[in-house]
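Hi there,

Here is the structure I promised to pass on. Have a look at it first, and then read my notes below.

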Amino acid sequence: MTGRRCVLLVVIALLVGATAVGAPVAANEAGNGAENADTEAVGLEGIDHLVANDEELAAHVGEYRAATEAFETELDELNATIDRIEGGNDGDLGEAEAMLERLDDRHENMTTQETELRQYLLTATSEGNATGTFDAIATINDRQEDRTAALATSTDAYVTAVEDRRSDPRSTVRMTLFGSLLGGLVVGIVAGAAVPIVAAKRVSEKMKLSRDVSYDRKVVLIPVLVGIALALAGIAVLIVLGGGAELLEVVR
Amino acid sequence: MSSRWSRRIAVSVLSAVGIATLGATLAMAASDGSTISAAIDATELLRSTRSLSEQMVIIAGGGLLLGIGVGVVAAAGITYWLKNRRIERRLQ
């Protein structure tokens, strides 16, 4: 009887003790898990106590986290695109451009969320809830600096990779344009000089018979008019069909 | 009294932090935006260059016409001026 009672009492004591110690810990862990889901991911666990009691702050943190994830996804895609371009596969440049525009949008959204969250924390601090807010603002600032540095590194690497890929076609365009200009200039000089030279020879021969000769300006009128027409036609072709300003930017 | 001063100091510190943060944010936003813009510009330029490198006949034709035109005008004008001077000298 005494032995059974003792065993029963020990079992009850153990159960009560386990409940008293374990239940609050488990409840606390569960609560923190739910509440910290957003803050931990973005390094703001220091303001868990504020997030737990402030729905608006929780919403700001949630949006900040979502913006961070969206931005990082796009940055990963940019880095993958850099690897692909450096590997010699440009893929669809239109898609790369669309990805960069998405990155720009998400970067802007990220900046907005950072500003709003910081502003909210500053307001909360001025209202007396200062515990953890300064650290949280410092964390946001640090993460922003890291993000800026990562973005600058990736975009610089992307520009370098794209510039490298542009080198060959740019040489082709330059060679084609300047080669044809030079060739045309040589042909034009020979053709343009021929007419006044032939006319001058005729005048020289006539001068042997009479001094009443004239070397009329009309001899160059036709070549000059034809030359101007050809030059305008060339400019029109280069502007209308060759892209004009785009061509200048490419060969620059 | 002391708590009022503490509150004023806290508000001042907060204002300074806020202004510094806003300035840093604006500066970072401006620099980040420009790096993405530079990447977009570089992509557009690569596309343009690729596209133009496939239009070699048009570029060569335009360049040739422009070169011939400029060459003809310059050579005809200069040659006429030189020959005219020589002929006038002989006639004098």
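Let's start with R47(B), which counts as partly exposed because its relative accessibility is 40%. For these labels, buried means under 20% relative accessible area, exposed means over 50%, and partly exposed is in between (1.4 Å probe, protein chains only).

Before going on, a heads-up: this is a predicted model, where local features need pLDDT of at least 70 and side-chain atom pairs count only at pLDDT 80 or more, while totals for chains, interfaces and linings use all residues. Residues are numbered from 1 along each chain as its sequence is written, chains are lettered from A and ligands numbered from 1 in the order in which they are written, and side-chain values use heavy atoms, with hydrogens and water left out.

So what does R47(B) pair with? Its salt-bridge partner is E97(A), and the closest N and O atoms are 2.6 Å apart. (A salt bridge here is a side-chain nitrogen of Lys or Arg within 4 Å of a carboxyl oxygen of Asp or Glu.) The pair joins two chains, because E97(A) lies in helix α4 of chain A and R47(B) in helix α1 (residues 2-53) of chain B. Helices are DSSP runs (H or I, at least four residues), numbered from the N terminus.

Side chains of opposite charge can pair when their charged atoms come close. Over all chains, the count is seven salt bridges. Another one is between R102(A) and E74(A), with 3.1 Å between the closest N and O atoms. That pair links distant parts of the chain, 28 residues apart: R102(A) is in helix α4 (residues 93-126) and E74(A) in helix α3 (residues 55-86), both of chain A. E74(A) is buried at 3%, whereas R102(A) is partly exposed at 32%. Both belong to a salt-bridge network that also includes E77(A) and R106(A).

R166(A) and E163(A) make a salt bridge too (3.8 Å, N to O). These two sit three residues apart in helix α5 (residues 133-209) of chain A, about one turn of the helix. R166(A) is buried at 3%, and E163(A) is partly exposed at 28%.

One last thing to find is I235(A), in helix α6 (residues 218-241) of chain A. I235(A) is partly exposed, as its relative accessibility is 37%.

Cheers
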